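Please look at the sequence and the model before reading on.

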Amino acid sequence: MTDITLAPIQPDQPSHLMATYGRQAISFVRGRGAYLYTEDGTEYLDALTGIAVCGLGHAHPVIAEAIAEQAATLVHTSNLFEIPWQTAAAQKLAEVSGMEEIFFSNSGAESNEGAIKIARKFGTQQGVRLPKIIVAEQSFHGRTLATLSATGNKKVQDGFAPLTNDFIRVPFGDVDAIQEAALQHPDIVAILIEPIQGEGGINTAPQGFSYLEEVRNICNQHNWLMMLDEIQTGNGRTGKYFAYQHTNIVPDVLTTAKGLGNGFPVGAVMTQGKAVGLLGPGSHGSTYGGTVLGSRVVYTVIDTIQKENAVENAALVGRYIVDQLRTQLADKNVQVRGFGMMIGIQLPKDCAELVAIARDQHKLIINVTAGSVVRLLPPINMTQAQADDLLERLVALINNYL
Ligand SMILES: Cc1ncc(COP(=O)(O)O)c(C=O)c1O
């Protein structure tokens, strides 16, 4: 054990960190399952899980043991060598996703960069000189230059011109707008969308998941790649291993990250069908993508999700939370939406201050997105008793607020 003790951060303490985040003045020193603890032992119920990351909860013993054992054995060798844990992790991910080929990366944005490169390669091989990708309004795909260009939020793009000109934007759920774009732009080669928009406010398309089927048909009709960003919705979050599994379709390209490592930084871009083989030797790479340690974490996370039936749990307990919220907040002017453990409560007014009220008065960690949506992303293996604990704190919070 280390003998270094860090002093608590004082308000107004000068910092060398770039001020890219508006941080809350609290830090947690320990976590266990659905709960976080500050230095003085105060317990907080975590309905955010590091923004949809720690799906199996904090300090999961099986994952902690795998990390510790592998860290003490071998962390990294590089992709210049065979990595049996990487092969095994890819096998597991192929099993749960139905995809054929997998490239491991370190984050969501980096996985989407891989998808964008695949789309460009696909187009180029067909003689399209400057391939274009359709993306949706209110989408979020990351903060790198290509993914912030794909993102449908002006605040994310502000000050970072020139954006890449790969993208054509359409309203989320509007298939006529896609067909219209197809008529105007012969250079379109792919569509990239989130099955449920997370940062955008927990939005499914107005027609629900059948939008994905409609998009699949359009992609088939025009020979485009259907690319799904399941960085937030993947790994059991919505009550299926991947959200597209609520339908009968399979995308050509699929990206994920967040819950894939339960807090360890990993991501993946996956292909099947006509997208297979587009990235060949020398065309893509990442020093840290699929390290021995990272791959063992991925393998262990998927294995644990399977053994704990955590996806089925997310569907059941998530349904219970949504039903209870609808009943208990029936007299309030709120709309509850979501699937599994990805739940949004649309309030009738902006509610950013609810984050601090929830934390300080109810010892509850939540997030507010799109101005007026309380976003809940609890662990996917949350128990019914923990869900009741969450409901008690949350209903009191919203009742007091509205
Ligand atoms: C749908 C979606 N795509 C991409 C990203 C970017 O992932 P990362 O922050 O790991 O780069 C996020 C992160 O919130 C996301 O929710």
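Predicted model: local features only at pLDDT ≥ 70, side-chain atom pairs only at ≥ 80, totals over all residues.

Reader: What radius of gyration does the chain have?
Author: The radius is taken over C-alpha atoms, and the globule rule is 2.2 Å times the number of residues to the power 0.38. For 402 residues, a compact globule would come near 21 Å. The chain agrees with this, at 21 Å.

Reader: Is Arg143 buried or exposed?
Author: UniProt lists Arg143 and Ser286 under "binding site" in an unreviewed entry; such annotations may be inferred rather than shown by experiment, and the positions follow the numbering used here, with feature names shortened. Arg143 is found in the loop between β5 (132-136) and α5 (145-150). Buried means under 20% relative accessible area, exposed over 50%, and partly exposed in between (1.4 Å probe, protein chains only). Because its relative accessibility is 58%, Arg143 counts as exposed.

Reader: Which residues does Ser286 contact, leaving aside its neighbours within four places in sequence?
Author: Ser286 is found in the loop between β10 (267-271) and α9 (292-307). Ser286 has a relative accessible area of 18%, so this residue is buried. With contact meaning heavy atoms within 4.5 Å, and neighbours within four places in sequence left aside, Ser286 touches Asn79, Phe103, Asn106 and Glu110.

Reader: How far apart are the end C-alpha atoms of helix α12?
Author: Helix α12 covers residues 384-401, and its buried residues include Leu390, Leu391, Leu394 and Ile398. The expected span of a helix is 1.5 Å times one less than its number of residues. The 18 residues of α12 should therefore span 26 Å. The model agrees, with the end C-alpha atoms apart by 25 Å.

Reader: What share of contacts between residues at least 6 apart in sequence joins residues at least 24 apart?
Author: The count takes in contacts in the chain between residues at least 6 apart in sequence. Among these, the share joining residues at least 24 apart is 71%.

Technical notes:
Residues numbered from 1 in each chain as written. Heavy atoms only, no water. Helix = DSSP H or I, 4+ residues; strand = E, 2+ residues; numbered from the N terminus.
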